[in-house]
Amino acid sequence: MELSKVTLEIFTKLEQKWLSHCETTKKTRILSIDGGGTTGIVSGAALIHLEDQIRLKTGDSHAQITDFFDLIAGTGIGAVLAAMLVSDNGSGRPLYTAREAVNSISGKNSDLYKVRLAGVFRRRRRYSGSSMDKALTELLTREDGKVLTLKDTCKPLLIPCYDMKSSAPFVFSRADASESPSFNFELWKVCRATSATPSVFKPFSLSSEDGKTSCSAVDGGLVMNNPTAAAVTHVLNNKRDFPSVNGVEDLLVLSLGNGPLTGGKPQSNGESSVVDIVLDGVSETIDQMVGNAFCWNRTDYVRIQAFGLGSEGVVGPRSEEEVKVLKERGVESLPFGGKRLLTETNGDRIEGFVQRLVACGRSSLPPSPRKDSSVSPLSNGH
């Protein structure tokens, strides 16, 4: 009995110390959204639930995701969602709520991914670049006609693509855009660049605001379909925006998947698309790497994925698909390989994450650089 009492006292003190540490430590919060697919069902469901829970836990019906995150990163369809969430409405507030962003993408999905048949026998399935251009421009232009750029954002934004000209990854960031117009690009073009999947789109050429920087972009998913590692690295090395971050112990990270692209379903030729396999492989590898980095503080890194739902979703109303995503049991990468099925659902894990998110308080990072001409230039690159 004495031993049990001593053990209880020890654990009580450790718990109090941990809670005290959590209350006094202000962590930098990162939201990362995968590319993959055309519907964004998984990330869309997660984002809506995330914002609903933030409002519920804070008691603020107008609270938005950007109020509690310090940086948002995205690739492909995830980049479109990320850009919409941080777009500045002109008064320092986000242009879209999570639900509005998801519903807008759903409403324009047929324009974003308008199918056209190519090839001699018109059997190759491709998407219309001009249709996507128009849809993205409409989504990322304010009511006053202002076409938004990387600088017109409420919070730091990070979006990768692959540059065919330099044969290397190219990462668009608000940090670089605020340093020089040579790194400031229109948001719709940035989203178009990261969405140019080689099998269904031609490479997309774009230039910076001053025309001094250009690239011929293809899908960022080829190198960073899961942009979590890029976002973590960016924060660790960007001392201007994140001076208090010294290591992963100072971070709180939520990574949203978009369902497996392959999903175990063979294509018409009997094999899964090589591009789809690459994108899935990249996402899972990054999850494993980031999971290892947080192996001593697993609660600071949460990955939401839905393996029972392909990236294109399932047949049925979108609301039903979103419910399935949240009800699916969570999966967690284990240190040094492998995964385990959790007892918690994806919805439960988001709710638990929001508790920690809200406990850290609202984000205090400065808003769009457009509103603060006194901001000094970055000393780092990406």
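Two residues are in contact when heavy atoms of theirs lie within 4.5 Å. In this predicted model, residues 24 or more positions apart account for 70% of the contacts in the chain that have a separation of 6 or more. The chain has 382 residues, of which 53% are buried, and its secondary structure comes to 13 helices and 12 strands.

**Overall surface and cysteines**

- The chain exposes about 17,200 Å², and 55% of that area is supplied by carbon and sulfur atoms.
- Zero disulfides are found in a search of the whole structure.
- Cys-191 has a relative accessibility of 0% and is therefore classed as buried, the limit being under 20%.
- Cys-295 has a relative accessibility of 25%, and because this lies between the limits of 20% and 50%, the residue is classed as partly exposed.

**Helix H3**

- Helix H3 spans residues 77-86, and because 10 of its 10 residues are buried, the helix is largely enclosed by the rest of the structure.
- The buried residues of H3 include Ile-77, Val-80, Leu-81, Met-84, Leu-85 and Val-86.
- Gly-78, Ala-79, Ala-82 and Ala-83 are also among the buried residues of this helix.

**Second largest pocket**

- The second largest pocket holds about 240 Å³ of space.
- Helix H13 provides the largest share of the lining, with five residues.
- The lining includes the charged residues Arg-298, Glu-332, Glu-344, Asp-348, Arg-349 and Arg-356.
- Thr-299, Tyr-301, Val-302, Leu-342, Gly-352 and Phe-353 also belong to the lining of the second largest pocket.

**Cavities**

- The structure holds two cavities of 30 Å³ or more.
- The elements that give two or more residues to the lining of the largest cavity are E10 and strand E11 (329-333).
- About 40 Å³ of space lies in the largest cavity.
- Among the residues that line the largest cavity are Asp-287, Arg-303, Val-331 and Ser-333.
- Arg-298, Tyr-301, Val-302, Glu-332 and Arg-349 line the largest cavity and also line the second largest pocket.

**Asp-300**

- Asp-300 is located in the loop between helix H11 (274-293) and strand E10.
- The relative accessibility of Asp-300 is 3%, so this residue counts as buried.
- Beyond its neighbours within four places in sequence, Asp-300 is in contact with Lys-27, Glu-249, Leu-251, Leu-252, Val-253, Phe-294 and Arg-356.
- One of these contact partners, Arg-356, also lines the second largest pocket.

**Ala-359**

- Ala-359 is found in helix H13.
- With a relative accessible area of 56%, Ala-359 is exposed, because the limit for that class is over 50%.
- Ala-359 and Thr-58 are 301 residues apart in sequence, yet their C-alpha atoms are 9.6 Å apart in space.

**Ser-178 and helix H7**

- Ser-178 is found in helix H7, which covers residues 174-179.
- The relative accessible area of Ser-178 is 17%, and because this is under the limit of 20%, the residue counts as buried.
- The side chain of Ser-178 reaches the backbone oxygen of Ala-175 at 2.8 Å.

**Phe-183**

- Phe-183 is found in the loop between H7 and helix H8 (187-194).
- Phe-183 is partly exposed, with a relative accessible area of 31%.
- Not counting residues up to four places away in sequence, Phe-183 touches Leu-150, Ser-173, Asp-176, Ala-177, Ser-208 and Thr-213.
- Phe-183 and Ser-173 are 10 residues apart along the chain, and their C-alpha atoms are separated by 8.0 Å.

**Ser-167**

- Ser-167 is found in the loop between strand E5 (157-163) and strand E6 (168-173).
- Although Ser-167 is not a glycine, its phi is positive, at about 55°.
- The relative accessibility of Ser-167 is 52%, so this residue counts as exposed.

Terms used:
Residues are numbered from 1 along each chain as its sequence is written. This is a predicted model: local features need pLDDT of at least 70, side-chain atom pairs count only at pLDDT 80 or more; totals for chains, interfaces and linings use all residues. Side-chain values use heavy atoms; hydrogens and water are left out. Helices (H or I, at least four residues) and strands (E, at least two) are DSSP runs, numbered from the N terminus. Buried means under 20% relative accessible area, exposed over 50%, partly exposed in between (1.4 Å probe, protein chains only). Accessible areas come from the Shrake-Rupley method with a 1.4 Å probe; for residues, only the protein chains shown count as cover. A disulfide is a pair of cysteine sulfur atoms within 2.5 Å. A polar contact is a pair of N or O atoms within 3.5 Å; within protein, one must be able to donate a hydrogen and the other to accept it, and residues adjacent in sequence count only if both atoms are side-chain atoms. On a 1 Å grid over the protein atoms alone, a cavity is a set of points where a 1.4 Å probe fits but cannot get out, and a pocket is an open set with protein on both sides within 12 Å along at least five of seven lines; lining residues have an atom within 4 Å of a point. Grid points are joined across faces, edges and corners, and a volume is the space filled by probe spheres set on the points.
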